[in-house]
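Student: I have just opened this structure and would like to learn how to read it. Could you walk me through some features?

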Amino acid sequence: MALIRLGFGRQHFCLLKRRSSLLLKLTAVVFAVLLFCEFLIYYLVIFRCDWPEVKTPAHDSGQKTLKAMFLADTHLLGEVRGHWLDKLRREWQMERAFQTALWLLQPEVVFILGDIFDEGKWSSSQAWADDVERFQKIFRHPRHVQLKVVAGNHDIGFHYQMSTYKIKRFEKVFNPERLFSWKGMNFVLVNSVALEGDGCHICSEAEAELIEISHKLNCSREKRGPGRCRGAPLLPASAPVLLQVSAHRAAPAPGLRGSGPSASACWSHGTLSKSRQHFPLFRRSDANCSGEDAAPLEERAIPFKERYDVLSREASQQLLWWLRPRLILSGHTHSACEVLHGAGVPEISVPSFSWRNRNNPSFIMVI
């Protein structure tokens with residue numbers, strides 16, 4: 001009997017040992033999958049990105065270039081429409097993608113072209129503070145990297161929703177600097193939500209500010225004389241880069257789309273002076289846009305609504321006339337597009353950086 005019991009004991013011990021080994025292997029596999037899908041894959045994807053090669057007389061003469069990275073429409077969810085699991089998932093994805101890009105690509109300045117938050121247009125003071133704290137954690141950066149942000153309609157509201165309070169609240173967190181110059185390049189950050197053209201107090205202030213910037217840029221392009229430019233600050237004698245944000249169509253319903261970073265992309269652009277804003281300049285639709293980052297085929301022919309999807313014709317012409325930019329970068333549509341305005345001024349719409357808005361979020365690299 002003792003031998004029989006001993007045999008059963010050994011069998012039971014071997015069975016437990018096999019089960020423990022199987023459980024250990026299963027745990028190791030799960031850990032390896034999570035490590036790859038939630039951490040390592042960001043490095044593998046973004047490692048394929050590279051800064052564009054620049055072949056210009058200025059570059060050949062040894063003039064330093066500026067490495068700039070552009071994001072748009074991060075739409076950090078708020079307390080009203082944001083489910084905690086959706087927040088956790090999307091914000092982890094953006095944090096890992098952004099931090100990996102900073103580490104691998106080493107940009108000198110990062111621009112975010114509006115709609116930083118999803119509910120800034122109606123959030124309470126406490127909700128706003130919570131959202132800002134999460135933003136600062138996700139988009140933390142070294143001191144030597146500058147972060148510049150443009151306001152979007154989800155941050156301060158559309159024209160009929162925005163107020164001085166919301167604008168000041170936004171500018172208290174994000175530097176309200178409208179004209180930014182570095183390494184011979186001028187960047188103009190435009191509050192395109194205020195370009196309604198109806199003479200409202202906020203709109204009038206925004207237009208007066210742009211006219212003053214236009215004067216400074218014109219003086220820097222021309223030789224100084226005894227006229228109005230005497231005493232004006234000296235800026236690089238280059239056409240600016242215009243940065244702006246627009247209002248956008250309704251975001252797609254939340255779900256499981258874009259659950260991983262494998263489709264994320266970056267694209268690069270050569271040296272240009274630029275302006276940045278949220279709303280795109282006026283265009284009829286995205287019908288002429290193409291590429292994997294463009295809007296879906298069924299959406300490209302849908303006409304854009306002025307002052308909602310894009311700026312009005314009048315506001316667009318004013319910006320081109322006042323600033324005479326060499327490049328325009330905008331957000332708002334969540335999809336990529338390249339168009340030409342006026343006498344061949346290129347505009348690039350930057351895709352959304354959030355997996356909640358598209359399956360292949362992207363960013364742009366410019367030097």
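Tutor: Gladly! Helices (H or I, at least four residues) and strands (E, at least two) are DSSP runs, numbered from the N terminus. The protein chain here has nine helices and 12 strands. This is a predicted model, in which local features need pLDDT of at least 70 and side-chain atom pairs count only at pLDDT 80 or more, while totals for chains, interfaces and linings use all residues. Residues are numbered from 1 along each chain as its sequence is written, and side-chain values use heavy atoms, with hydrogens and water left out.

Student: What share of the 367 residues is buried?

Tutor: Buried means under 20% relative accessible area, exposed means over 50%, and partly exposed lies in between (1.4 Å probe, protein chains only). In this protein chain, 52% of the 367 residues are buried.

Student: Is E38 buried or exposed?

Tutor: E38, which sits in helix α1, counts as buried because its relative accessible area is 18%. Contact means heavy atoms within 4.5 Å. Apart from neighbours within four places in sequence, E38 is in contact with R89, W92 and R96. The C-alpha atoms of E38 and W92 are 8.6 Å apart, although 54 residues separate the two along the chain.

Student: How do the axes of helix α3 and helix α4 cross?

Tutor: Axes are lines fitted to C-alpha atoms, for helices over the stretch in contact, and angles run from 0 to 180 degrees between N-to-C directions. Helix α3 (residues 84-105) and helix α4 (residues 125-138) have axes that come within 9 Å and cross at roughly 35°. On the α3 side the contact uses K87, E91, M94, E95, F98 and Q99, and on the α4 side R134, K137 and I138.

Student: Which residues of helix α6 are buried?

Tutor: In α6 (residues 164-173) they are K166, I167, R169, F170 and E171. These buried residues pack against α4, β3 (146-150), α5 (153-156) and α7 (201-221).
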